[in-house]
Amino acid sequence: MDIWQEDSIDSPLQSFRMYQEKVRHHTGEIQDLRGHLNQLIAKLQEMEAMSDEPNVTPGNCWAFSGDRGQVTIRLAQKVYLSNLTLQHIPKTISLSGSLDTAPKDFVIYNQPPRTFGAVKVKISSNWGNPRFTCLYRVRVHGSVTLPREQPN
């Protein structure tokens, strides 16, 4: 007849308890990480909700070789054009700390008051980068109906 000794049970039981404690500790860490991740996701969603802008993170641009180029943009529908805006990222988020890839001089081929289904933008120079130019956003402003004359 075998007699159970406490030593033979205590050692595996102690190991099991240490394992349980490690699992509890790691479970707590995982819950903390999930909480931080949920906070980050909420902040990102808040930032997205505050802006209806497309993504203009550094590098997310149409880049072309050199300091001159042109692009023709087809519009979703014909528009009476009033203005055009070219946008570039702010210097504060530029990876190089410079805005030398931003368009400087440009020409728009536009002859109102007729409607246009596309707009052609010709970049004549940038702010000094000889290798490439980045175009982040082109906004076309206008209306789908003939604009009324403004009183003087």
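Glutamate 21 is partly exposed, with a relative accessible area of 47%. In this predicted model, glutamate 21 pairs with arginine 24 in a salt bridge, the closest N and O atoms being 3.3 Å apart. Of its 152 residues, 18% count as buried.

**Layout of the chain**

- Read from the N terminus, the elements follow the order α-β-β-β-β-β-β.
- Helix α1 covers residues 6–50.
- Strand β2 spans 69–87, and strand β4 spans 115–126.
- Strand β5 covers 132–135, and a loop joins β4 to β5.

**Salt bridges**

- Side chains of opposite charge can pair when their charged atoms come close.
- The count of salt bridges comes to two.
- One of them links glutamate 21 and arginine 24, at 3.3 Å between the closest N and O atoms.
- Both partners sit in helix α1, three residues apart, about one turn of the helix.
- Arginine 24 is exposed, at 52% relative accessible area, while glutamate 21 is partly exposed at 47%.
- Arginine 68 and aspartate 67 also meet through their side chains, at 3.9 Å from N to O.
- That distance still counts, because the cut-off for a salt bridge is within 4 Å.
- Arginine 68 is exposed, with a relative accessible area of 58%.
- Aspartate 67 is partly exposed, with 29% relative accessibility.

**Nonpolar core**

- In soluble globular proteins, nonpolar side chains tend to be buried together.
- The largest nonpolar core here has 12 residues in all.
- Its members include Phe64, Val71, Leu75, Phe116, Ile123 and Leu135.
- Strands β2 and β4 are the elements that give two or more residues to this core.
- Strand β2 gives the most, with six residues.

**Nonpolar surface patch**

- Leu13, Phe16, Tyr19 and Val23 form a nonpolar patch on the surface.
- Together these four side chains' residues have about 380 Å² of accessible area.
- Phenylalanine 16 lies in helix α1.
- Phenylalanine 16 is partly exposed, at 45% relative accessible area, so it passes the patch cut-off of over 30%.

**Cysteines**

- The whole structure has zero disulfides.
- Cysteine 61 is partly exposed, with a relative accessible area of 23%.
- Cysteine 134 is buried, with a relative accessible area of 5%.

**Asparagine 129 and its loop**

- Asparagine 129 is found in the loop between β4 and β5.
- Is asparagine 129 buried or exposed?
- Asparagine 129 has a relative accessible area of 8% and is therefore buried.
- The side chain of asparagine 129 reaches the backbone nitrogen of arginine 131 at 2.8 Å.
- The side chain of asparagine 129 also reaches the backbone nitrogen of phenylalanine 132, at 3.3 Å.

Conventions
Residues numbered from 1 in each chain as written. Predicted model: local features only at pLDDT ≥ 70, side-chain atom pairs only at ≥ 80, totals over all residues. Heavy atoms only, no water. Patch = residues over 30% accessible without salt bridge, like charges linked within 9 Å, V, L, I, M, F, W, Y side chains within 5 Å. Areas by Shrake-Rupley, 256 points an atom, 1.4 Å probe, with all protein chains shown as cover. Helix = DSSP H or I, 4+ residues; strand = E, 2+ residues; numbered from the N terminus. Buried < 20%, exposed > 50% of the residue type's maximum accessible area, 1.4 Å probe, protein only. Core = buried A, V, L, I, M, F, W, Y, C linked by side-chain atoms within 4.5 Å. Disulfide = S-S within 2.5 Å. Polar contact = N/O pair within 3.5 Å; in protein donor to acceptor, adjacent residues only side chain to side chain.
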